[in-house]
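Keep the viewer open while reading.

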Amino acid sequence: MKLREVCFLIGAEDTVLWSDASSDPIALPDARTRWERIWGLRERIVEIAHTHPLGGAYFSAEDESTMLALDSALGRRLRYSVVAPDGMIVRIPTAQGCSEGPPELRPWWADLILLASGVIPEHVSSSKEEG
Amino acid sequence: MAILNITYDGMSVDYTRPIDERLTDADVRRIAVEVIRSGELRGLHVAGLTESAFTHYVVDRLRTAGGGMHIYLRPKVPFGGR
């Protein structure tokens with residue numbers, strides 16, 4: 001599968017509420033449809049995740065300005081994450097600001113979003129070779 | 001003329017006064033700051049709103065079925081490793 005960036009809107013108990021994808025491995029362009037889904041699901045969204053199939057687990061400058069804009073529009077700070085082949089990073093709002101780092105427990109959908117991005121997670125490819 | 005809709009601080013509100021549909025995106029952002037500061041936008045009044053409040057917002061211009069125009073000021077939503 002061709003590499004591409006994927007976005008998941010995550011709800012309570014790690015439910016995937018909605019997803020979309022680009023055709024580009026290093027960009028998920030602006031889309032009114034994505035905004036409409038975020039706004040429509042705003043009461044249920046806990047986290048917005050996206051992938052960097054060719055990059056690392058970090059928030060890019062584009063990510064930072066988008067997160068700033070989204071939080072100001074929604075009137076509350078969301079949890080955000082980036083899933084990359086080399087790991088995952090999550091930013092969690094706190095009373096003091098936010099905390100950032102790898103998740104304590106890797107969510108079940110992390111492998112799914114990587115697979116949807118055209119990346120076979122390392123442990124999945126290892127299992128396949130062993131089998 | 002067009003109807004301006006602004007989404008900010010958890011609210012999505014139409015500005016009651018029609019605006020010129022030929023306004024630039026920068027003009028739309030400036031007007032949004034002014035009407036929120038002045039309290040002209042129903043339910044959205046932030047006197048100390050900064051000039052840069054809508055720097056990372058985009059302007060969508062959609063034609064209505066009746067031939068009018070609705071201008072939406074909403075947050076940008078791209079992500080990416082670029």
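Where is the place of Asp14(A)? Asp14(A) sits in the loop between strand 1 and strand 2 of chain A.

## Model and conventions

This is a predicted model, in which local features need pLDDT of at least 70, side-chain atom pairs count only at pLDDT 80 or more, and totals for chains, interfaces and linings use all residues. Residues are numbered from 1 along each chain as its sequence is written, while chains are lettered from A and ligands numbered from 1 in the order in which they are written.

The model scores ipTM 0.93 and pTM 0.92. Chain B has a mean pLDDT of 94, where pLDDT is the predictor's confidence in each residue, from 0 to 100. In chain B, 99% of residues reach 70 or more. Where pLDDT is low, the predicted coordinates should not be read in detail.

Helices (H or I, at least four residues) and strands (E, at least two) are DSSP runs, numbered from the N terminus. Strand 1 of chain A covers 6-10 and strand 2 covers 16-21. Glu13(A) is found in the loop between them. Phi of Glu13(A) is near 55 degrees, a positive value in a residue other than glycine. Asp14(A) is not a glycine either, yet has a positive phi of about 60 degrees.

Exposure follows a count of other C-beta atoms, placed from the backbone, within 10 Å of a residue's own: 20 or more is buried, 12 or fewer is exposed, and in between is partly exposed. Glu13(A) counts as exposed because it has 6 such neighbours inside 10 Å. Asp14(A) is partly exposed, with 14.

Strands pair if DSSP finds at least two bridges between them. Strand 3 of chain A joins strand 1 of chain A through 4 bridges, running antiparallel. There, Phe8(A) has Ala49(A) as its bridge partner. Strand 3 also joins strand 4 (residues 79-84) of chain A through 5 bridges, this time parallel. Glu47(A) is bridged to Arg79(A) in strand 4.

## Strands 5 and 6 of chain A

Strand 5 (residues 87-93) and strand 6 of chain A pair in the antiparallel sense over 4 bridges. Arg91(A) has Glu100(A) as its bridge partner in strand 6. The hairpin has 4 residues between the strands, and Gly97(A) takes a positive phi near 155 degrees.

Glu104(A) comes in the loop between strand 6 (98-101) and helix 3 (109-116) of chain A. Glu104(A) counts as exposed, with 6 C-beta neighbours inside 10 Å. Its C-alpha atom is separated by 14 Å from that of Val83(A), 21 residues apart along the chain.

## The sheet of chain B

In chain B, 4 strands form an open sheet in the order 2-1-4-3, with mixed pairing. Strand 2 (11-14) and strand 3 (57-63) of chain B stand at the edges, each with a single partner strand, so one side of each is left without a neighbour in the sheet. The twist averages 20 degrees from one strand to the next.

Strand 1 (residues 2-8) of chain B joins strand 2 of chain B by 4 bridges, antiparallel. Ile6(B) has Val13(B) as its bridge partner in strand 2. Helix 2 (residues 61-74) of chain A packs on this sheet, touching strand 1, strand 3 and strand 4 (69-75) of chain B. Its direction makes about 115 degrees with that of strand 4. Axes are lines fitted to C-alpha atoms, for helices over the stretch in contact, and angles run from 0 to 180 degrees between N-to-C directions.

## Where the chains meet

Contact means C-beta atoms, placed from the backbone, within 7 Å. By that test, 29 residues of chain A are in contact with 18 residues of chain B. Helix 1 (32-40) and helix 2 of chain A are the elements that give two or more residues to chain A's side. Helix 2 gives the largest share, 10 residues.

## The nonpolar core

A nonpolar core is a set of buried Ala, Val, Leu, Ile, Met, Phe, Trp, Tyr and Cys residues joined through C-beta atoms within 7 Å. The largest has 42 residues, of which Phe8(A), Leu70(A), Leu4(B), Ile6(B), Ala32(B) and Leu73(B) touch the most other members. Leaving aside neighbours within four places in sequence, Phe8(A) is in contact with Val16(A), Ser19(A), Ala49(A), Trp109(A) and Ile113(A).

Definitions and conventions:
Two residues are in contact if their C-beta atoms, placed from the backbone, lie within 7 Å.
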